[in-house]
Amino acid sequence: MHAKLLLPALVLALTARSFGDQNLETAYRSTGATVLAAFEPQRQVIQKSSAVIYDGRSEAIYGVVISPDGDILTKASELQDIKKLSVAVDDKKYPEVTLLGTDPRWDVAHLKIDASGLTPVTYAPTSAVPQGTWVVANGASTRTQRRVLAGIISAKIREISTAGGGALGVILKPNAKELEIAEVQDKSGAKEAGLQKGDVILALDGKKVAKLEELAAILKDRKAGSTAKLTYRRKNEETTVEVRLIARNEMTDDMNRNDAMSGEYSERRSGFPRILQHDILGAKSIVGGPLLDLDGRCIGMNIARADRAESYAIPVEDLKAIAEHMLKK
Amino acid sequence: MKHLLACLLTAMSPWSAPAEAARPYVNDKKAPENRKDLETIQNALTSALGKARNATVCIELAQGSGSGVLVSEDGLVLTASHVSGGVNKDLTVVLEDGRKFKALSLGVVADTDAAMVKITDKEKFPFAEIDRNDSTRLGDWVFSLGHSGGFDKERGSVVRLGRLVRMTDSTYQSDCTLIGGDSGGPLFNLQGQLIGIHSRVGTNLPMNMHVPIQVFLKHWDGLLKAEFIGEGPFVKKPEKGKGFLGLATEARKEGGLTVTKVGKDTPAEKADIKEGDVLLKLNGTELKTREQFQGLLKEMAEGDALEIEALRADKPLTLTLKLGAR
């Protein structure tokens, strides 16, 4: 229920004063071509060791080349929507792709292409580098050429849990006397259960709730994925339904406000045992590829574009373990 | 409050402590060209980061959270006016290590989104140095800190690197990407000096706007004196007559007003005013009739401080409170 303070674009025009207004040319901005040209050595590694996963003719996501013989890791949940899967490494396209396995815990899939002599990534010795350290990732790509984006390690290595309580997926009317639903969120348990705008929540799991705090207190201890019995009133008629609870950090209304200013982000962006956070913010398709240090070594694998300002990568220690496990199978 | 302000004025001036870290040569290159240039940026950033982060705070309000930055040892914090929400507001400041302190908002510059807050708990705080020489230039490499999405001890404040891509007198724009919760947080140059405060974002990623530190320095005295400077749009000026106390009174024969009712969850209740209390003086003015009392309140606005001299069971007491919003 916390509003995170940052104003969207509403006042831009007001501050555009002509006096002393100076602009930096696009090429010299952090994501500009001239600045990124300084990362040519790392780009050459990306060219060889970052795979491009295609859906038909369009670039979907990236992958990490982990063996000379065509073993590639990528983000599993993003594969689901791909209709016509093919893979490119360097300037060569591979139409035959086999899915060998997935690791749901890390959202990693193991793909195999019929290739030999590929250049797998070289793993960095540790992901425990200081915050502020440069990192480089696959940015956009033409059919034969990879481009890069650069950024820095932004925050502490940590778990991104789905805990923090389940959510119904409704926005309540503010300052109302009752728990009246103002909006039912898409892809939520509340929507599946048929709840509608205007319904008034009366009880959860048999416990009467009249205040937001009472509702929040019950939900706090409930896990995402479990169900709750919800009693509501619609036109003087009381009904009880089962509602599937969703991870709070993917469904609360404050995140929605942040999401609204985030553009594209990964559908699965929580429930990772450990992540490295960085500030490379390409399209949603930035995920799946390797994250390199200035030595061109793989410090992690990009696994989620979390929101407008945050990207997550699987740290190299965990990535190595996943890769070894996948290759053994 | 008067006492506190007097303290502030004598103890704090923005012109103390000289800060002279060298401006990295890479700022004067159009773009980094090689590994050495990139490492110069990285080394400057990593060495400035610790101190900068220790000075970065989360500001918690009833309705959400923003960020801010400590600029003096005794707890002066710079933030955005849409975070502090106005003058004389009670806030909580959370340090990087999770310690929480009580704070009060001082002045705001409503038309540029600048604001000042003072931690009222006594303590020696870590603080950031301010760039007082106006040394910032277009294209400079800069880094932002902020408690994106609220305080998270496991994560800490989040750092992002970018360049200053646009400058006007009232706004800097950088390509350090900001998100909700970062508002009021600091923008630093590579020497670790404070050059701006995060204000707002546009819909596309490179539109991240900051209030230049010069705006704060220009209005420093007014900010310290808890003045409401300028007009909107970042914070609304409290209107006279819209203040709310939440009690009913009737005139007493012997003078003063007897409290006949105290509303639930009102400023009066929070200030511990009880039914039967006799209100004698409001900010030094003797109270005679209900109409006169209401007239005095009408001249005040939300957030204004009241000092009420009263009698409870014939014993004198002084009650202090702030008017709420109607």
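Reply: Two strands are said to pair if DSSP finds at least two bridges between them. The model discussed here is a predicted one.

Me: With that cut-off in mind, how many bridges join strand S10 of chain A to S11(A)?
Reply: Strand S10 of chain A covers residues 134–141 and runs antiparallel to its partner S11(A). The two strands form a hairpin, with four residues between them. The number of bridges in this pairing is six.

Me: Which residue stands opposite A:Leu149 of S11(A)?
Reply: Strand S11 of chain A comprises residues 146–152, and S10 of chain A comprises residues 134–141. Across from A:Leu149 in S11(A) stands A:Ala137.

Me: Why is strand S11 of chain A described as largely enclosed by the rest of the structure?
Reply: A residue is buried if 20 or more other C-beta atoms lie within 10 Å of its own. Strand S11 of chain A is largely enclosed because, of its seven residues, the number buried is six.

Me: How far apart are the C-alpha centres of domain 1 and domain 2 of chain A?
Reply: Domain 1 of chain A is made up of residues 26–159 and 271–328, while domain 2 takes in residues 166–251. The distance between their C-alpha centres is 39 Å.

Me: Turning to chain B, what percentage of its residues count as buried?
Reply: Chain B contains seven helices and 22 strands. Its C-alpha trace spans about 85 × 35 × 35 Å along the principal axes. Of its 326 residues, the share that counts as buried is 47%.

Key
Residues are numbered from 1 along each chain as its sequence is written. Chains are lettered from A and ligands numbered from 1 in the order in which they are written. This is a predicted model: local features need pLDDT of at least 70, side-chain atom pairs count only at pLDDT 80 or more; totals for chains, interfaces and linings use all residues. A residue is buried if 20 or more other C-beta atoms lie within 10 Å of its own, exposed if 12 or fewer, and partly exposed in between; C-beta atoms are placed from the backbone. Domain bounds come from an automatic or database domain assignment.
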